[in-house]
Amino acid sequence: MIEDPRARPSRGPQNVVVVGAGFTGLAAARDLARRGLRPTVLEAEPDPGGLAGSFRVGDGRLERFYHHWFTSDRHLMDLVAELGLSHQLITRPVGTGLYYANALFRLSSPLDVLTFSALSLPGRVRLGMLPLIALATRRWQDLDDIAASAWLRRACGEEVYRVVWEPLLRGKFGVHADTVSAAWFWSKLRLRGASRGRAGHEQLVYFRGGFAALADAIVRDIEAKGGRVVTGAPVTALAARDGRVTGVTAGGAHYPADAVIITTPLPEAAGLLSGLAPDDYIKRLRRIRYLANRCIILELDRSLSNLYWINVNDPEFPFVGVIEHTNFARAADYGGRHIVYLSRYCTQDDPFLSLSPQDAAAYTTGHLRRMFPSFDPGMILAVHSWQTRSAQPIVETGYAKLVPSHETPLAGVFLATMAQVYPEDRGTNYAIRDGYKVAGLVVSDLAAV
Ligand SMILES: Cc1cc2nc3c(=O)[nH]c(=O)nc-3n(C[C@H](O)[C@H](O)[C@H](O)COP(=O)(O)OP(=O)(O)OC[C@H]3O[C@@H](n4cnc5c(N)ncnc54)[C@H](O)[C@@H]3O)c2cc1C
């Protein structure tokens, strides 16, 4: 899988280069390879997987940023089935909760919502009704220009908005919270509603061995079908002649290309296309802004609670989510260590991103003790920290009009990036869907050349 990026590929009749080996790029390359083309995926990092990539903990591989699937993620399920790996999927009900006013509430089932004492009884009923309101709303296009804050206030009332939704929107989007589109929020509610079992408990899905094991399996499949994945090969330039792409430069080597699929964040795509596409198009790509994310990951000698996912509705707490991964996957898979992610979204220039992992963890411990009185810093066996500048596109009102199409002004170059997933929330399931879609566009384009 890891090849010398300087090795010159032999020029076949139709070369397709895919920039990025995240799930979009891997899915696109797999689809191209199964249609008989020989794609070359060029990935800047040493391993495939992108944002769903991993690192080693004990004997296991763990995602740098918490990852799971919903039972309704059918593009993902189909891909896993085609690879003959469905037996590797783990589907379980998970415990979810909410931390509000110094108390931890379990909110995993409709019954939990009915007994959620932070809200009045009418408020609980209105909260419980929201998934039904979302189900009854058919056209997301009607919500695109409406702010989620206004839509939620109307749907659930001021009390529910203030206690439940406003802190979550602020925790994730910060100063942009009031601009988030209702279409995105609606889609998230529908997706979560569709991932529930009979008693209304949320069910989530994970891959034995981690998302990295799935990424590796896709790479093997691409290679078995005649494509290849070159890691440690950052693409630095595109070449074009007569308005059509002719190749890319990566790691000092030139790769001829009849078509190129770019799956990087949009600012990087804009950098690659700059000078080859009109300025107003480049400006348009740069118009979409992203939030950064930093995850502090604690390896603990004990569990913190029996909840997998805790939404933090407390503006004083420096993380918006506390995710105890080993309340879903088994601690035994990580040498008996209990894994907790602390997730914080922030602007790309937030000083929190430059704290050392130790300082970031130290900053956390007082808050964790407040949330879990039995927590003691002596429980921490190791601390890890991962961050990315492009974690979440800011899905503001009117976002549908900002999303660029997969085709670009430079013939033969196609874009399939996380920021084009809308109104759905970005996720590997949609990365796979869009990877296939753009592969289909490339095949049609090449047939017409
Ligand atoms: C905190 C967090 C939590 C998440 N949780 C979930 C979850 O629970 N479930 C889920 O399904 N999804 C989740 N996601 C989203 C999911 O990770 C993404 O939607 C998905 O991985 C996007 O895949 P992608 O291939 O489009 O982009 P990426 O994964 O970003 O892949 C792009 C690739 O391009 C490479 N690249 C960039 N520039 C260059 C260059 N110049 N040359 C070569 N390569 C380059 C990058 O290294 C990267 O590997 C989460 C994301 C974050 C940030």
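Reply: On the α4 side the contact is made by L130, P131, A134 and L135, and these meet W186, L189, R190 and G193 of α7. By class, the residues of this contact are six nonpolar, one polar and one charged. The model is a predicted one, and the geometry below is computed from it. Helix α4 covers residues 121-136 and helix α7 covers residues 182-193; their axes are 9 Å apart and the packing angle is about 110 degrees. Because angles of 65 to 115 degrees count as roughly perpendicular, α4 is roughly perpendicular to α7.

The domain assignment gives the setting. Contact between them involves nine residues of domain 1 and 16 residues of domain 2. The side of domain 1 that touches domain 2 has four nonpolar, two polar and three charged residues.

The ligand is surrounded by 35 residues, the closest being G20, G22, G50, L51 and G427. Two or more residues of that shell come from each of α1 (23-34), β19 (380-393) and α13 (428-448). By class, the shell around the ligand holds 15 nonpolar, 16 polar and four charged residues.

Two single positions complete the picture. K437 is placed in helix α13. With 18 other C-beta atoms within 10 Å, K437 is partly exposed, since a residue counts as buried at 20 or more and as exposed at 12 or fewer. From K437 to Y422 the C-alpha distance is 14 Å, for a separation of 15 residues in sequence.

P377 sits in the loop that runs between α11 (357-371) and β19. P377 has 13 other C-beta atoms within 10 Å and is therefore partly exposed.

Methods:
Residues numbered from 1 in each chain as written. Predicted model: local features only at pLDDT ≥ 70, side-chain atom pairs only at ≥ 80, totals over all residues. Axes fitted to C-alpha atoms, helices over the stretch in contact; angles between N-to-C directions. Helix = DSSP H or I, 4+ residues; strand = E, 2+ residues; numbered from the N terminus. Parallel < 35°, antiparallel > 145°, perpendicular 65-115°, else oblique. Contact = placed C-beta atoms within 7 Å. Nonpolar A, V, L, I, M, F, W, Y, C, P; charged D, E, K, R; others polar. Near = placed C-beta within 6 Å.
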